[in-house]
Amino acid sequence: MATTESGGRAETGFTVSRPARADARRNFDALLDAAREVFAAEGAGASLEGIARRAGVNIATLYRNFPTRQHLFEAVYLDEVEALARMAADLDSLEPWDALESWLRQFVSYATTKKALYDAIAHRAEMFVTGREMIHAAGRPLLERAQSAGRARADVSFDDVLFLVNGVSGANFVQEAQQDRVLAMALDGIKARK
């Protein structure tokens with residue numbers, strides 16, 4: 001599915017549709033947050049009952065919002081992509097390097113969730129293509145701004161940066177602190193040398 005640019009954000013036919021009522025929206029968001037954490041920790045086969053319990057709702061509430069496990073997978077994935085796009089738009093007030101670094105750190109979280117869900121939603125290839133387009137539309141301008149300010153190396157492309165950060169997010173670290181250190185080293189490799 002093609003995307004079009006609108007105000008710096010890619011517009012697509014894929015969106016997460018939240019309930020209108022405030023209490024239902026809170027439950028929906030709690031379920032997405034719980035699913036994101038549980039899928040990242042336990043993989044796509046994680047217990048839906050465990051996700052509902054972690055969200056503080058009953059299983060009927062989960063199924064009312066997400067009739068199938070597939071619906072939940074897709075909503076978590078799309079919510080992550082939309083969050084990355086929103087975050088990029090909110091970083092304009094930061095210095096160019098700080099904006100890029102903040103966004104890439106959030107990208108690591110997204111990539112971890114995506115890794116857990118990839119096999120479960122791989123049949124929805126157009127959703128991944130659209131998600132990739134949205135990520136590029138959100139992140140590429142951050143890299144270009146950092147490069148224009150002389151804070152990021154001019155010889156790297158946005159794809160180079162994503163491959164580097166994806167490599168970090170795909171590793172099986174013993175501790176989160178170790179992942180943070182390795183990511184910091186990777187980000188140092190993107191910084192312009194003075």
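Ile-135 is in contact with Val-81, Leu-84, Trp-103, Phe-107, Tyr-110, Arg-140, Phe-158 and Leu-162, leaving aside its neighbours within four places in sequence. The model is predicted.

Ile-135 also belongs to the largest nonpolar core, which has 55 residues. Ile-51, Leu-72, Trp-103 and Phe-107 join Ile-135 as the residues with the most contacts inside this core. Elements giving two or more residues to the core are α1 (22-42), α2 (48-55), α4 (69-90), α5 (96-121), α6 (125-148), α7 (158-170) and α8 (176-190). Helix α4 gives the most, with 10 residues.

Charged pairs come next. The count comes to 9 salt bridges.

Asp-79 in helix α4 pairs with Arg-36 in helix α1, 43 residues apart, and so links distant parts of the chain. Glu-80, in helix α4, is 44 residues from Arg-36 in helix α1. Asp-79 and Arg-36 are buried. Glu-80 is buried too. A network of salt bridges links Asp-33, Arg-36, Asp-79 and Glu-80.

Lys-191 is partly exposed, with a relative accessible area of 27%. Asp-188 is partly exposed as well, at 36% relative accessibility.

One record annotation remains. An unreviewed UniProt entry places the feature "DNA-binding region" at residues 47-66. Over that stretch the chain is 75% helix and 0% strand. Its end C-alpha atoms are 14 Å apart.

Terms used
Residues numbered from 1 in each chain as written. Predicted model: local features only at pLDDT ≥ 70, side-chain atom pairs only at ≥ 80, totals over all residues. Heavy atoms only, no water. UniProt positions renumbered as here; feature names shortened; annotations may be inferred. Helix = DSSP H or I, 4+ residues; strand = E, 2+ residues; numbered from the N terminus. Core = buried A, V, L, I, M, F, W, Y, C linked by side-chain atoms within 4.5 Å. Buried < 20%, exposed > 50% of the residue type's maximum accessible area, 1.4 Å probe, protein only. Contact = heavy atoms within 4.5 Å. Salt bridge = Lys/Arg side-chain N within 4 Å of Asp/Glu carboxyl O.
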